[in-house]
Amino acid sequence: MEYILKVSCDEEKGLILRISEIVVKNGLNYLSTNEFVDHENHRFYMRAVLDGELEVKGFVNTLLAFLPRSAQVFCEESRRKNIVVMATKENHCLGDILIRENSGDLNANVLAVVANHEDLREFASKFDVPFICVPSDGVGREEHEKMVLAQLKKLNFDYLILAKYMRILSRDFVLNYEEKIINIHHSFLPAFIGANPYKQAYERGVKIIGATAHFVTECLDDGPIITQDVVLVNHEMDWQDMRRAGRNIEKVVLTRALDLVFDERVFVHKNKTVIF
C-alpha cells in the first residue's frame, strides 16, 4: 500500500535520520523523498512516498514524539480527492475540470457543481455531475452564504474549487474551510478590477496577462500562492483575443495547481507555500 508523508517543523540537526529510523522500524520502504530547509525562517520540510502496511495514527504519534514541538505531520494513504466546484456563468475552468475527471486525468472525484445561477446546469449534466443552484439575486450575502453552507455540509469533500465563482466570500465562510478553498484569479491584471478586466487591460495597452491559483483566505486574493503563469500579448490583439488568451492561461494554471494539491505536494506556512 502506498502512503504520502509530509513533515514540516523547526530546523534541527538529525531530522532526516530520526524520521528514517521510524520509517524503517515500521517496515516501510521509501519510494521517493524530497527535503527542503528554509534557512531564513529555520523551517524544515519533507515529503515522502512510502510503501508497506501502516497503522497511520500510531505512526504519526510516534513521529510527533521524536520531532520538535512545532512539527506538523500528515500521513495518508494515496487516494483520489473528493472536490466540489463552485461556479457562476463562465464554463472554461469548470469544463476543463470535468473533462479531465471524465478522462481519468484528474486525481479527484467531482461530487457536485454549486453555482449561484442556472446557466451551467445543462453543461454539468453532460458529465452526469450533480448541479446545485443557490440563487444569489435579491439575496443578501450573509443569507446566501448560509444557504450555500447548508448545501456544502451535505457533501463530504476535501477541497472546494472556485472555478470563476464571481462572488466575494466572507471571512466567516472562509474560516469553515481553511486551506481547503482554491481559487483562480487573473491576478496579473491587478489594476483592472470589476467588470471585464480584459477590456480594461486592452485599453491600457498591457503587454502580459496571466493568472494565479491560490488558497483562499479572509484577505480575498492575497492567500498563499500555489502557481502562476503569464502569456505575452501585443497591439494586434483586441480585447476579445486577450480574453481568450486569459481564459486559456487560467485553465492551465488552475489545472497545474490542482495536480500539485491533490498529489500532496504543497506545504503552507504563514502566507507562503513550499512545493515539491
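Which strands does helix α8 lie across, and at about what angle does α8 run to β11? The views below take up this question and others; the model is predicted, local features need pLDDT of at least 70, side-chain atom pairs count only at pLDDT 80 or more, and totals for chains, interfaces and linings use all residues. Residues are numbered from 1 along each chain as its sequence is written, and side-chain values use heavy atoms, with hydrogens and water left out.

**View 1. The open sheet of 4 strands.** The strands follow the order β2-β3-β1-β4 with antiparallel pairing, where strands (E, at least two residues) and helices (H or I, at least four) are DSSP runs numbered from the N terminus, and two strands pair if DSSP finds at least two bridges between them. Because β2 (29–38) and β4 (72–77) stand at the edges with a single partner strand each, one side of each is left without a neighbour in the sheet. Between β2 and β3 (residues 43–51) the antiparallel pairing extends over 9 bridges, and D38 stands opposite R43 in β3. Helix α1 (residues 15–25) packs on this sheet, touching β1 (2–10), β2 and β3, and its direction makes about 25° with that of β3; contact here means heavy atoms within 4.5 Å. Helix α2 (residues 56–66) lies across β1, β3 and β4 and runs at about 160° to β4, with axes taken as lines fitted to C-alpha atoms, for helices over the stretch in contact, and angles running from 0 to 180 degrees between N-to-C directions.

**View 2. The open sheet of 7 strands.** In this sheet the order is β7-β6-β5-β8-β9-β10-β11, and the pairing is mixed. The edge strands, β7 and β11 (225–232), each pair on one side only, while the twist from one strand to the next averages 20°. Strands β5 (residues 81–87) and β6 (residues 108–115) pair in the parallel sense over 7 bridges, with K81 opposite A108 in β6. To return to the opening question, α8 lies across β5, β6, β8, β9, β10 (208–215) and β11, and runs at about 155° to β11. Helix α3 (residues 92–103) lies across β5, β6, β8 (159–162) and β9 (181–185), running at about 150° to β6.

**View 3. The packing of α3 and α8.** The axes of these two helices are 9 Å apart, and the helices pack at an angle of about 45°. In the contact, H92, C93, D96, I97 and R100 of α3 meet residues of α8 including R247, E250 and L254.

**View 4. The crossing of α7 and α8.** Helix α7 (residues 197–204) and helix α8 (residues 239–262) have axes that come within 9 Å and cross at roughly 125°, and the two are therefore oblique to each other. Y198, K199, A201 and Y202 in α7 meet several residues of α8, among them W239, M242 and G246.

View 5. P130 lies in the loop between α4 (121–125) and β7 (131–133). With a relative accessible area of 44%, P130 is partly exposed, a class that falls between buried (under 20%) and exposed (over 50%), using a 1.4 Å probe and protein chains only. Leaving aside residues up to four places away in sequence, P130 touches L111, A112 and V113. The C-alpha atoms of P130 and G246, which are 116 residues apart along the chain, are separated by 28 Å.

Notes:
Parallel < 35°, antiparallel > 145°, perpendicular 65-115°, else oblique.
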